[in-house]
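This report describes selected local features of one protein chain. Please read it alongside the sequence and the structure shown here.

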Amino acid sequence: MKKVTKAVIPAAGLGTRVLPATKAQPKEMLVIVDKPSLQYIVEELVESGIKDIVIITGRNKNSIEDHFDYSFELEETLKEEGKEDLLEKVKHLSNLANIYYVRQNHPLGLGHAILKAKPFIGDEPFVIALGDDIVHNDKTATSQLMDVYEKYGASVLGVQNVPEKDVSKYGIVKPFLKLDDKTVEVEDFIEKPSIEEAPSTLACLGRYLLDGKIFKYLEETKPGKGGEIQLTDAILKMLKDGNKVVAHNFQGKRYDIGNKIGLLKANIEFGLRNEETREDLIKYLKEELIIK
């Protein structure tokens, strides 16, 4: 079994759910406390042992590349001013991992974006971490999926249970066989079903670990819902072709920072976890924002 060392982050979306903030900047660069949301995802991947990351970008996304690049002027200024703590934070960014960029020149869906990474991934297993989803846990969501992949030797969908009223927002898994307390073998995978159509409440929430075979199925997948090439459709074809796919109910709190309330919740809760901001934020919430 090949070791998982590569990951893809699709970051080409327009971020329409948080306009006007994303009119001139990528949604992935919206700040949570003191870091852009994308940095949290990259750090999760690196902590999990990922060495090489390809970020799929689009127009007006150059700030993503600048953020993870070496900045001579900034580093020299911080060095001259003796701001060693800030210097280390900045140097940390350009040394996180081997990061590569591919542009999705047409907005043809998540499946199309992933297909852009084929020359980089080849036939190796790889992680997909969606740019909208941040997961907080002591053990990263990516590490949890890697453990499941090693145990069962199959592609893994990262899932959690969602309220029944929300199933139409996600790809929903139909379980076939329970493998352990948190893992099931997948029989079917339905994109954004109605409540009546949904086979469960297990929703795929922004983390996948897929066999490199997925590229073959993506190439064969025709545009589906919304005229886009759906990753869900390709996974389903791979599944129906006899390739085992499992779903793992990963542990951790997931934040959908692609919408306003998710972004606000992430800022508050990460602010409460941050040593620099925790005390002042608690004081502010207690004294200024007592909502009765």
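## Helices α3 and α4

Helix α3 (residues 72–80) and helix α4 (residues 84–94) have axes that approach within 9 Å and cross at roughly 155 degrees. Helices (H or I, at least four residues) and strands (E, at least two) are DSSP runs, numbered from the N terminus. Axes are lines fitted to C-alpha atoms, for helices over the stretch in contact, with angles running from 0 to 180 degrees between N-to-C directions. The two helices α3 and α4 are therefore roughly antiparallel, a label given to angles over 145 degrees, whereas those under 35 count as roughly parallel, 65 to 115 as roughly perpendicular and the rest as oblique.

On the α3 side, Leu74, Glu75, Leu78 and Lys79 meet Leu86, Leu87, Val90, Lys91 and Ser94 of α4, where contact means heavy atoms within 4.5 Å. By class, this contact has five nonpolar, one polar and three charged residues. Ala, Val, Leu, Ile, Met, Phe, Trp, Tyr, Cys and Pro count as nonpolar, Asp, Glu, Lys and Arg as charged, and the others, Gly among them, as polar.

## Basis of the model

The model is predicted: local features need pLDDT of at least 70 and side-chain atom pairs count only at pLDDT 80 or more, while totals for chains, interfaces and linings use all residues. Residues are numbered from 1 along each chain as its sequence is written, and side-chain values use heavy atoms, with hydrogens and water left out.

## Strand β12

In strand β12 (residues 245–249), five of five residues are buried, that is, under 20% relative accessible area; exposed is over 50% and partly exposed in between (1.4 Å probe, protein chains only). Val245, Ala247 and Asn249 lie on one side of β12, and Val246 and His248 on the other. In a regular strand the side chains alternate between the two faces of the sheet.

Strand β8 (residues 155–161) pairs with β12 in the parallel sense over five bridges, with Gly158 opposite His248. Strand β10 (residues 183–191) runs antiparallel to β12 and is joined to β12 by three bridges; Glu185 has Val246 as its bridge partner. Pairing requires at least two DSSP bridges between two strands.

## Loop residues

Asp138, in the loop between β7 (133–136) and α7 (141–152), is exposed at 74% relative accessibility. Its C-alpha atom is separated by 9.3 Å from that of Gln251, 113 residues apart along the chain.

Most residues other than glycine have a negative phi. Val33, in the loop between β2 (31–32) and β3 (35–36), has a positive phi of about 65 degrees and is partly exposed at 29%. Lys192, in the loop between β10 and β11 (202–210), has a positive phi near 45 degrees and is partly exposed at 41%.
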